[in-house]
Amino acid sequence: MKRHLISAADLTRDDAVLILDTAEEMARVADRPIKKLPTLRGRTICNLFFEDSTRTRISFEAAEKRLSADVINFAAKGSSVSKGESLKDTAQTLEAMGVDAVVIRHGASGAPYRLATSGWIDAPVINAGDGTHEHPTQALLDAFTMRRRLVGHDAGIGKGLDGLRITIVGDVLHSRVARSNVHLLHTLGAQVTLVAPPTLIPVGAEPWPCEVSYDLDEVLPKSDAVMMLRVQRERMNAAFFPTEREYSRRYGLDAERMAKMPEHAIVMHPGPMVRGMEITAEVADSDRCTVVEQVANGVSARMAVLYLLLGGSEPAVTTTSTPRTEESK
């Protein structure tokens with residue numbers, strides 16, 4: 001593992017499989033009466049969030065606390081950032097306080113990379129989403145969910161997602177989740193297809209390791225997993241499609257479309273969902289939808305990342321104890 005986690009494209013196949021295998025161990029901890037490990041006791045982690053977040057911030061905080069780390073939550077609102085303080089000054093303040101790792105979400109693409117390479121802070125940096133660039137831990141939890149559902153909890157250990165066909169549908173242009181998933185899923189051996197209106201496919205997406213389609217109905221019967229993306233109106237500065245009704249009719253997932261998918265196929269969504277837009281309530285509440293499962297797996301995946309970056313090379317969870325011998329008594 002590298003020192004920082006900035007982009008899913010930085011992970012090798014071995015790195016990604018190691019994280020997924022470690023996440024499987026961490027998931028077993030969640031089934032215990034006491035859901036804590038002493039791995040990061042005495043370490044201080046700062047959650048540096050310059051953008052609003054519910055799932056990601058709470059997920060990281062839960063992961064950090066389950067590893068016994070001390071947690072500092074920083075929100076831009078109500079901080080000196082609102083008075084004009086720069087990212088550099090904020091980072092140097094955290095460095096002076098002796099923070100051991102920083103989890104950062106920022107509205108500007110490239111902010112985590114800048115923080116990791118600038119020398120402002122001497123600590124591992126984890127990207128929790130930067131602008132429309134990347135969101136690597138979301139891609140890891142998505143891959144973890146796919147492997148558990150489509151390969152198996154135990155059968156998937158040591159394996160990737162070889163041969164699986166994954167379809168990502170919706171606002172790819174503004175989605176950092178889509179970018180990270182394309183890179184990570186390709187690294188793990190999956191075949192990825194992007195489906196969206198032409199206006200919501202990024203310019204320059206041709207070199208990406210995936211296919212592009214504009215017809216959802218054509219792709220669904222061949223998909224092992226379908227990931228629906230929210231239309232991010234807060235990032236839009238133009239009209240990318242005529243009306244919400246037309247978008248939903250052509251690119252929304254309803255029960256009729258879900259019936260075209262193979263029986264084993266699953267429906268995913270990074271959240272938050274807009275019911276009635278990209279996904280109907282019937283599909284969102286079906287057994288094939290993994291949204292709630294993704295949230296639970298997110299804690300395990302982030303525990304794995306934190307453990308590997310800050311912990312060590314020893315097994316995350318010790319399952320057997322060494323028997324005492326006569327000499328050791």
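Two strands are taken to pair if DSSP finds at least two bridges between them, and helices (H or I, at least four residues) and strands (E, at least two) are DSSP runs numbered from the N terminus. The structure is a predicted model, in which local features need pLDDT of at least 70 and side-chain atom pairs count only at pLDDT 80 or more, while totals for chains, interfaces and linings use all residues. Residues are numbered from 1 along each chain as its sequence is written, and side-chain values use heavy atoms, with hydrogens and water left out.

Strand β1, which spans residues 44–49, is mostly covered, since six of its six residues are buried (buried means under 20% relative accessible area, exposed over 50%, and partly exposed in between, with a 1.4 Å probe and protein chains only). Thr44, Cys46 and Leu48 point to one side of β1, whereas Ile45, Asn47 and Phe49 point the other way, and all are buried. Parallel pairing over six bridges links β1 to strand β2 (residues 70–75), and within this pairing isoleucine 45 stands opposite valine 71 of β2. Between β1 and β2 the chain passes through helix α2 (residues 55–66), and this β-α-β crossover is right-handed, a term applied if, with the strands pointing away from the viewer, the path from the first strand over the helix to the second runs clockwise. Strand β1 is also joined by five bridges to strand β3 (residues 101–106), again in parallel, and the bridge partner of isoleucine 45 in β3 is alanine 101.

An unreviewed UniProt entry carries the annotation "binding site" for Arg55, Thr56, Arg105, His135, Gln138, Gly271 and Pro272; such positions are given in the numbering used here, with feature names shortened, and annotations may be inferred rather than shown by experiment. From this set, Arg55, Thr56, Arg105, His135, Gln138, Gly271 and Pro272 belong to the lining of the largest pocket. On a 1 Å grid over the protein atoms alone, a pocket is an open set of points with protein on both sides within 12 Å along at least five of seven lines, whereas a cavity is a set where a 1.4 Å probe fits but cannot get out, and lining residues have an atom within 4 Å of a point.

Among the annotated residues, arginine 55 is found in helix α2 and is partly exposed, with a relative accessible area of 40%. Residues up to four places away in sequence not being counted, arginine 55 touches Pro270, Gly271 and Pro272, contact meaning heavy atoms within 4.5 Å. Glutamine 138, by contrast, is found in helix α5 (residues 136–151) and is buried, with a relative accessible area of 7%. Apart from neighbours within four places in sequence, glutamine 138 is in contact with Val177, Pro270, Gln294 and Arg302.

Five strands form an open sheet with parallel pairing, in the order β7-β6-β5-β8-β9. Because β7 (211–213) and β9 (266–268) stand at the edges with a single partner strand each, one side of each is left without a neighbour in the sheet. The twist from one strand to the next averages 25°, where axes are lines fitted to C-alpha atoms, for helices over the stretch in contact, and angles run from 0 to 180 degrees between N-to-C directions. Helix α5 lies across β5 (165–169), β8 (225–228) and β9, and runs at about 165° to β9. Strand β6 (residues 191–195) pairs with β7 in the parallel sense over three bridges, with leucine 194 opposite valine 212 of β7. Threonine 193, also found in β6, is buried, with a relative accessible area of 13%, and, neighbours within four places in sequence aside, is in contact with Ile166, Thr167, Ile168, Glu211, Ser213 and Val219.
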